[in-house]
Amino acid sequence: MYPSDDPTSTTASSARSISRPSSASSTPSRGPAKSLPAGAPSTQDFEVRDTPTAGRAVFASRFLPEGTLLWRSDDLTLYVLLREYRREVCGQCFSYDYGRDLPIRDQGVGFAFCSTQCQDVWGIWNGSVGVDAWRAVEALVKKRSKEGDKMAEEGLQRPTSKAITKAWEEVEIQASLIRTLREVEQSTASSSSPHATEVIESVRITKQHRKALSKALQRKISPDVMAFIVSGIIWYHNNPQDWPKVLALADDQTPYHSADDLAAFVRSYLHLLAILPLPLLSYLSPEIVFLLSSRDSHNSFGIRSLEDDGSEFFGYGCWPAASYFNHSCGPNIEQKRVGRVWEFRAGRDIGEGGELNITYLSGEEWKTSREKRKGVLKKNWGFDCACPRCEAI
Ligand SMILES: [Zn+2]
Ligand SMILES: [Zn+2]
């Protein structure tokens, strides 16, 4: 699922991945989807409907002239800015100046910004707990900066659901020892609360607890995987009311690309249990960490440079509403990123009832043969493309 130009990324980073093929070859059911999923886009110009073969799809509600701005997705949830680009790409607006270092570098949190305004907005977006979380991660990464985050994963098998469950279960005991240690230490530090005394009375911290924590911290670190998890749980902590938008996305039950990838997530979970601010620990569970990967896998959009046909891949993010557009190799919708917002416009005149499609392929992939395109779509997004361009004889 890694984009071909970025062998080092470590999580679901498909450039414009959404799970479903065009429904062009199927007949849409009548009327809108019974109830619109949380986070689905809703306007006068188009509607989201269920289709018999392609899941949910988006259809024009009226004639849409070429160039019409149809949707602005400003609902970024979790995102990863790959560590190697953090000095050059603004942590807030993702602007990039041909590889020049940005004027403002916040070494404490490990992000750079194009302006103090972006820095401020980033701080507000993350909140004080979120900013503390990034500081904790950055401190750990700096301490271990000699280690790489690169994994050679070509040709490796995706772990099965059974392997995934086993990997998470294997660290359960260690995780609960770390969690207990952190909670008891915190309550000792603020022992004025009556609840704190209760906790201390019921749990005795032993060598075993401390060993579990130091063992976790000694494990190999994967900064981009940690950033993925941290960004997801900070977002969840700050926007609990929007969590159903993420849950409503098409999921992938085997989202890890290889055994190494799965292991990096499990290790990062333990690292974060050991270092994150306490208010975030209740969000940090194997279930939530897995859920973030399972929803991101087929729904993330690549964050690319705007200046050079997007040849630089900086990272990726999940904008739930944007995920409702299906793929076609001959799309009628053009998408463009403006800062943290995706804009969708009619690329040509679209008649009432026509399906609105974007392409998940990069510029290069888009130009290749039918067989190559179908191969990429199958490998990265798991579907057999049946769009008119692929079906044409
Ligand atoms: Zn900026
Ligand atoms: Zn196609």
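## Helix H5 and what covers it

The buried residues of helix H5 are covered by elements that include helix H3 (172-189) and helix H8 (259-275), where two residues are in contact if their C-beta atoms, placed from the backbone, lie within 7 Å, and where helices (H or I, at least four residues) and strands (E, at least two) are DSSP runs numbered from the N terminus. This is a predicted model, in which local features need pLDDT of at least 70 and side-chain atom pairs count only at pLDDT 80 or more, while totals for chains, interfaces and linings use all residues. Residues are numbered from 1 along each chain as its sequence is written, and chains are lettered from A and ligands numbered from 1 in the order in which they are written.

Helix H5 (residues 207-218) has 12 residues and reaches 16 Å from its first C-alpha to its last, close to the 16 Å expected at 1.5 Å a residue; that expected span is 1.5 Å times one less than the number of residues. Its buried residues are His209, Ala212, Leu213 and Ala216, a residue being buried if 20 or more other C-beta atoms lie within 10 Å of its own, exposed if 12 or fewer, and partly exposed in between, with C-beta atoms placed from the backbone. Seen down the axis of H5, these buried residues fall within an arc of 90°, so they line one face of the helix, the arc being that of the directions from the helix axis to the C-beta atoms. The face turned away from this buried side carries the exposed residues Lys207, Gln208, Ser214 and Gln218.

His271 has its place in helix H8, and it is buried, because 26 other C-beta atoms lie within 10 Å. Leaving aside its neighbours within four places in sequence, His271 is in contact with Leu140, Ala216, Leu217, Ile221 and Met226. The C-alpha atoms of His271 and Ile178 are separated by 9.7 Å, although these residues are 93 residues apart along the chain.

Ile178 is also one of the residues with the most contacts inside the largest nonpolar core, which has 83 residues; such a core is a set of buried Ala, Val, Leu, Ile, Met, Phe, Trp, Tyr and Cys residues joined through C-beta atoms within 7 Å. Ile229 is another of these residues, and, apart from its neighbours within four places in sequence, Ile229 is in contact with Ser268, Tyr269, Leu272, Val289 and Leu292. A second, separate core of 10 residues includes Tyr360, Leu361, Leu377 and Cys387.

## Strands and a hairpin

An open sheet of three strands has the order E4-E8-E7 with antiparallel pairing, and two strands pair if DSSP finds at least two bridges between them. Its edge strands, E4 (79-81) and E7 (300-304), each pair on one side only. Three bridges join E4 to strand E8 (residues 313-318), and in E8 the bridge partner of Leu81 is Gly315.

Elsewhere, strand E10 (residues 333-338) and strand E11 (residues 341-346) pair in the antiparallel sense over six bridges, with Glu334 standing opposite Arg345 in E11. Two residues lie between the strands of this hairpin, in which Gly339 takes a positive phi near 60°.

## Two residues in one loop

Phe94 lies in the loop between E4 and strand E5 (104-106), and Tyr98 lies in the loop between E4 and E5. Phe94 has a positive phi of about 60° although it is not a glycine, and Tyr98, also not a glycine, has a positive phi of about 45°. Phe94 counts as buried, with 24 C-beta neighbours inside 10 Å, whereas Tyr98 counts as exposed, with 9 C-beta neighbours inside 10 Å.
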